[in-house]
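Q: I have a structure open and I'd like to learn how to read it. Can we go through it feature by feature?
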Amino acid sequence: MDEKEKVNPCIIVIFGATGDLTWRKLIPALYNLYLDNWMPEKFTILGLGRRDISELQFRKTLLDGVNQFSRSGAADKKQWASFAKNIMYQKGEVHEKGTYDAVNKKIAQIEKAWKVEADHVFYMAVTPDFFETIARKLYQAGLGRDKQRDKIVIEKPFGRDLDSARKLNKLLHSMYDECQIYRIDHYLGKETVQNILAFRFGNLLFEPLWNRNFIDHVQITVSEQLGIENRGNYYETAGALRDMIQNHILQLMCLIAMEPPVSFEANEVRNRKVDVINAIRRIAENEVHNISVRGQYKEGWIEGKKVKGYRQEADVKPNSRIETFAAVKLFIENWRWHDVPFYLRTGKRMKETTSAITIQFKDVPHRLFPSKASGSWPPNRLIMNIQPHMGITLSFQAKRPGLEMVLDPVDMDFDYKETYTTGTPEAYETLLLDTMQGDSTLFMRADQVEAAWAVMMPIIKVWENNPPVNFPNYTAGTQGPEDAEALIARDGHNWL
């Protein structure tokens with residue numbers, strides 16, 4: 001590695017180390033960073049959990065997760081042994097002072113053996129109920145106080161509404177500097193999400209067209225075939241609007257709509273994102289029914305298999321009012337985007353799993369070809385596929401081979417898998433490395449989180465105060481409720 005890419009000796013303390021996130025995502029990501037020589041020469045992963053298991057049992061469990069979920073496949077025995085010797089386990093309760101005293105002692109022992117002061121990453125891979133407790137107890141134990149070496153990582157959801165997000169930010173800022181707080185959103189670590197910045201600001205071709213004069217509207221879709229996957233307890237307190245649109249999809253919207261940053265410095269990029277959210281047209285409560293749609297899936301068929309309705313899922317109330325589908329139309333009130341609608345939608349148990357951003361350009365001002373020559377003449381489109389297929393497609397008109405002048409839409413494709421033969425890092429690999437390196441570019445800042453909640457609060461309030469009367473209103477395996485089609489059709493568009 002170049003000197004600038006080196007990571008300081010690092011101790012990663014994971015709260016919730018015996019949980020699903022650690023097993024499926026964090027350890028496979030750290031192991032892949034190790035295989036690719038991104039981990040520092042000296043590192044320790046200290047797992048904290050409530051289970052009374054040995055360190056050997058803990059490592060065996062983590063190996064099982066790596067074998068199942070690592071993008072590099074089953075672990076090589078020698079490589080895993082070399083990695084696993086850096087993994088430690090400690091049983092402890094997050095509300096007990098002794099847990100943090102033990103962590104402090106362990107860190108001191110490790111640094112004494114290394115003969116160097118290490119950076120410390122405190123990762124909260126736990127439910128939001130424990131964020132405040134862990135943050136406070138860490139600080140009271142004298143941990144996390146070094147602004148240069150200590151970082152705390154907080155998973156989403158960051159608050160349940162604007163008031164709770166403000167309260168959590170206020171608590172964190174009473175103990176930690178903003179530069180120490182890493183609010184993680186795994187979507188921002190995805191390769192194709194990062195590529196939006198490279199595509200926009202690394203090329204001259206499209207940026208002159210990136211405005212209201214040439215773009216008709218923007219669609220952002222994140223749909224999933226999966227249901228709630230045994231997360232009924234969580235989903236009953238969240239729903240699609242909070243779970244996806246308030247964070248993931250609004251962040252994608254920021255990357256599409258932001259002004260060019262002066263540099264790639266973290267706060268400069270994040271400033272431009274906050275500008276977008278602050279410019280979103282505020283929604284009056286009496287307008288909510290015109291610009292938003294909610295839905296809940298009932299039983300249906302997906303790929304030949306019958307699946308349950310949401311209300312039949314585990315830990316879901318039999319008369320639940322929680323939405324599993326949400327669609328919203330937003331406007332950005334600035335010079336670049338005035339009157340350009342942004343349509344955002346997300347849903348569970350949809351027809352297919354896909355995350356894509358579609359930039360629909362305006363129609364040509366004058367169709368000089370006769371109607372028989374053009375037939376179906378859709379406007380130009382730029383489609384950024386995030387998952388599962390990763391790539392960018394530009395759709396434009398071309399002449400069909402033959403003696404007659406007939407135009408057809410054709411696609412110009414950039415496909416990640418065909419272009420790059422090297423493995424694509426998982427989102428958590430990128431974000432964990434950035435955390436260790438102290439790069440907060442891809443993480444949400446306090447004002448950004450609060451601004452995003454402020455945009456969504458009118459919809460949240462109206463939905464909570466006006467329970468749906470037609471749930472469930474879409475069949476599993478379809479594209480969501482009919483009202484979602486009407487939302488966009490009123491403007492003369494359709495979901496792509």
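Q: Is arginine 445 buried or exposed?

A: Arginine 445 counts as buried, at 12% relative accessibility. The cut-offs go like this: buried is under 20% relative accessible area, exposed is over 50%, and partly exposed is in between (1.4 Å probe, protein chains only). Keep in mind that this is a predicted model, where local features need pLDDT of at least 70 and side-chain atom pairs count only at pLDDT 80 or more, while totals for chains, interfaces and linings use all residues. Residues are numbered from 1 along each chain as its sequence is written, and side-chain values use heavy atoms, with hydrogens and water left out.

Q: Which side chain meets arginine 445 in a salt bridge?

A: Here's the idea: side chains of opposite charge can pair when their charged atoms come close. A salt bridge is counted when a side-chain nitrogen of Lys or Arg is within 4 Å of a carboxyl oxygen of Asp or Glu. For arginine 445 the partner is aspartate 447, at 2.9 Å from N to O. Aspartate 447 is partly exposed, at 33% relative accessibility.

Q: How many salt bridges does the structure hold?

A: There are 27. One of them pairs arginine 59 with glutamate 55, at 3.6 Å from N to O. Both lie in helix 2 (residues 55–69), four residues apart, or about one turn of the helix. Helices (H or I, at least four residues) and strands (E, at least two) are DSSP runs, numbered from the N terminus.

Q: What does the salt bridge between arginine 336 and glutamate 207 tie together?

A: The closest N and O atoms of arginine 336 and glutamate 207 are 3.1 Å apart. Arginine 336 sits in the loop between strand 12 (325–330) and strand 13 (342–347), and glutamate 207 in the loop between helix 7 (191–201) and strand 7 (215–223), so the pair ties together parts that are 129 residues apart in sequence. Arginine 336 is buried, with a relative accessible area of 13%, and glutamate 207 is buried too, at 16%.

Q: Which residues touch the most other members of the largest nonpolar core?

A: A nonpolar core is a set of buried Ala, Val, Leu, Ile, Met, Phe, Trp, Tyr and Cys residues joined through side-chain atoms within 4.5 Å. The largest one here has 145 residues, and those touching the most other members are Phe15, Leu30, Trp80, Trp210, Phe342, Ile357 and Met436. Helix 9 (residues 240–257) gives the most to this core, with twelve residues.

Q: Where is the kink in helix 9 centred?

A: To find a bend at a residue, take the angle between axes fitted to the seven residues ending there and the seven starting there. In helix 9 the kink is about 30° and is centred on leucine 250. With 18 of its 18 residues buried, helix 9 is largely enclosed by the rest of the structure.
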